[in-house]
Amino acid sequence: MGGGRWRRVLSGVWRSIAVWAVSTVTMLVLAGALPDFQLQSDNGDSATRIAVTAAAGAGVFGLLSSLVWPLLVRALLLVPALILGLLVFFLNGSLLLLALRINPSGQGEAAPETAVVVAAVMSAVASATGGALAVRDDDAYRRRLYRLAARRRSRSGGHLGTSTPGIVFVQLDGVGHDVLEEATRKGLMPALARWLGTTHRLTPWRTDWSSQTGASQLGILHGSNHDIPAFRWYEKESHEVMVCNRPSSAAELQRRAIGYTGDGGLLTVDGASRGNLFSGGADELALVLSMAARRGRDNRSRSGYFAYFSDPANAVRTALSFVAEVLREMGQSTRARLQKRRPRVGRGGLYPFVRAFATVVERDVVVAAVIGDMLAGRNAVYADLVAYDEVAHHSGPRGRDTEKVLQRLDRSLALIEKVAEHAPRPYRIVVLSDHGQSPGETFLTRYGLSLGNLVRAGCGLPVPRRARGTHSGAEARAAVRAALRRPVEEGGERHRPSRRSEPVVLASGNLGLVSFPDVPHRMSREEIDRRHPALLSTLANHPGVGFLLVRSEEHGGLVLGAHGAEAPVDTLDDEHPGPLADFGPGAADAVRRTHTFPHTADIMVNSWYDPEEGEVLAFEEQIGSHGGLGGAQGHPFLMSPLDLSEPVDDGAGLVGAERVHRVLRGWLRECDGPQVPLPTAESERAA
């Protein structure tokens, strides 16, 4: 054994002894502070005997945590992830009780509830001590990372040390271009601000009409978001409501996109997909919703939980942060209610736990998976962090709540940057978002009725006195339900209207969709007028509605506005926007493209938009929304390293998720490694 290897062994032994010593002291302190935790017999023992008991107990607890905990977590992958998080404290306390029982001194004793507290504190202290010692010795830290990378790569059959760079794509869900610029300017995101001043460029891009994660991420990862008219829509041939964050729907949408483009996706060669709605063709998966519907061995999406929770310190830290986030949300919502802030939506029920999952559990698991991918030297990694999007839906796109989330996201990116220095290959880090968010009160709050009830009134149908709330489109809610192994089915797989002639009304942010299930084709304006003469005028003239899109037998696609304004979509452009004047450049092209989709609803309803204030009216219970046209929701960002080619030519705009996909593919090819297949002729025609 060479001198360098001996030094590494001695350094590891020294760190283990230091952690053991700190754990022993921690156990002694806790024994003195907690009445139900003792390290001596009832008759009393000498200080030496007590110290020996603490040292033995700390050592046995450390060994059990190292040897038994990973086996427990692997077995518990069969239970829901959130339940696993709640079991963390119980399992850690059980290990401590076992350690005290088999302690050679036989003197340790603790009440079960006290054992939970002691185990949590000891795990946290041991983790902090070990991490601090490793960081202080940068060479040792670097060697540890390389050894971990070597083990990971050897298990996957790959090769270490390639000089060709890989790319890590980190999606900050819902963070608009305007929000990012403001956050870096105000110092909320110092890491990103430093990148923009030295190594990266910032490029805005524009979404399609459906400005939401399902459409954007499918286009980015699989090269096509054709026939994605909204976050949720009704398909007449199957009588199903498709929902982008439902596992069965996400799997079907991914299958359709692959069939449409002819290739598996952006990540087909040595790629990893983390926390996304879709896989992108990657073999390495964690928290990928399109794979959550699979059962047994085919569902590899949950493996990321084991990789993270196999370390008891990680489990305890995340569980404590989860509880803290639940309490933080309760405090923030109470303060907003007492201060009578407007606009405001309900934040009770399970929402504090949904928020904590998005901002703590999902973030920690995804970031840890990305770090593992980088240490394994994978070619391409795409990860989605949904924390900001979830909080902004209920707290608004700007404010103290979302600022805190942005700060924590920046720290996650700084950690990924630090790990890149120790990866076995160089990495380019690309940060992007899938959409922004537009503020504004809800349609229901302003007018006292929902879009569904407005449609019923226009059809001459009875309107319920008690309005029903709409489903939130937040991606995190579906991730939680998938983690709990509960079906993410909103109203069942098939829609069964109470009467065949009654309309199906669905909401996707400030975009509404109206379908008549008893008519097998997309109804024309003329057919709608014959059946419900007052419906279109009722909708178009409502002050909360911006415009409608319908199919005309005479003109094809037809945009309807207030006071009888109408214009065929083929005649509209940025110079002659017609009823789309308030919605800015590109609105006509986005509406025209959606009109061509096979599953576009009979009536597409976009809410009112105030171009001066940037506000919209969400048809869901959200005060920060996205899904339609109007304001910041349609303007995400793309932050790329300067040593990659410009995403667009000078003066050109970056429009549509499919265009972003082609930019990312080009960057992968620039890295000179084996990347995604060249586009087929069919996929080039589709593009």
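**Entry 1. Histidine 599**

I began with histidine 599, which sits in the loop between α21 (587–595) and β17 (603–607). The model is a predicted one, so I note here that every value below is computed from it. I checked burial next: histidine 599 has a relative accessible area of 12%. That is under the 20% cut-off, so I logged histidine 599 as buried.

Which side chain does the side chain of histidine 599 meet in a polar contact? I found aspartate 227, at 2.6 Å. I then listed the residues that histidine 599 touches, not counting those up to four places away in sequence: Asp227, Pro229, Trp233, Glu235, Glu237 and Arg256.

**Entry 2. Aspartate 227**

Aspartate 227 is in the loop between α9 (213–222) and β5 (232–235). Its relative accessibility is 8%, and I therefore counted aspartate 227 as buried too, as I had histidine 599.

I looked up the backbone of aspartate 227 as well. Its phi is positive, about 65°, although the residue is not a glycine. I wrote down the background for this: most residues other than glycine have a negative phi, and most peptide bonds are trans.

**Entry 3. Other backbone entries**

Aspartate 270 is not a glycine, yet has a positive phi of about 55°. Its place is the loop between α10 (247–261) and β7 (271–274). Is aspartate 270 buried or partly exposed? With a relative accessible area of 28%, aspartate 270 is partly exposed.

For peptide bonds, I recorded the one from arginine 342 to proline 343, which is cis with omega near -5°. I located proline 343 in the loop between α12 (312–338) and α13.

**Entry 4. Helices α13 and α15**

I moved on to α13 itself and its packing against α15. Two packed helices are described by the angle between their axes and the distance between the axes. For α13 (residues 351–376) and α15 (residues 400–420) I have an angle of about 15° and axes 10 Å apart. This angle makes α13 roughly parallel to α15, since the cut-off for that term is under 35 degrees. The crossing of α13 past α15 is right-handed.

I listed the residues in contact. On the α13 side they are Arg355, Arg363, Val367, Val370, Ile371, Met374 and Leu375, and on the α15 side Asp401, Arg408, Ser412, Leu415, Ile416, Val419 and Ala420. By class, I have nine nonpolar, one polar and four charged residues in this contact.

**Entry 5. Helices α8 and α15**

I kept α15 and looked up α8 (residues 190–198). α8 and α15 pack at about 60°, with axes 7 Å apart. How are α8 and α15 oriented to each other? I recorded them as oblique.

From α8, the residues Pro190, Ala191, Leu192, Arg194 and Trp195 meet Asp410, Leu413, Ala414 and Glu417 of α15. I sorted this contact into six nonpolar, no polar and three charged residues.

Threonine 207 is in the loop between β4 (200–204) and α9. Its relative accessible area is 7%, and I marked threonine 207 as buried.

Leucine 629 belongs to the loop between β20 (624–625) and β21 (637–641). I found leucine 629 buried, with a relative accessible area of 11%. The C-alpha atoms of leucine 629 and serine 210 are 7.6 Å apart, and these residues are 419 apart along the chain. Setting aside neighbours within four places in sequence, I listed the contacts of leucine 629 as Trp209, Asn510, Phe547, Phe583, Ala587, Val591, Asn606 and Val616.

**Entry 6. Whole chain**

I ended with totals. The chain has 23 helices and 21 strands. Of its 687 residues, 55% are buried. I also took the contacts between residues at least 6 apart in sequence, and 73% of them join residues at least 24 apart.

Definitions and conventions: Residues numbered from 1 in each chain as written. Predicted model: local features only at pLDDT ≥ 70, side-chain atom pairs only at ≥ 80, totals over all residues. Heavy atoms only, no water. Axes fitted to C-alpha atoms, helices over the stretch in contact; angles between N-to-C directions. Helix = DSSP H or I, 4+ residues; strand = E, 2+ residues; numbered from the N terminus. Parallel < 35°, antiparallel > 145°, perpendicular 65-115°, else oblique. Left-handed = near helix turned anticlockwise from the far one by under 90°. Contact = heavy atoms within 4.5 Å. Nonpolar A, V, L, I, M, F, W, Y, C, P; charged D, E, K, R; others polar. Buried < 20%, exposed > 50% of the residue type's maximum accessible area, 1.4 Å probe, protein only. Polar contact = N/O pair within 3.5 Å; in protein donor to acceptor, adjacent residues only side chain to side chain.
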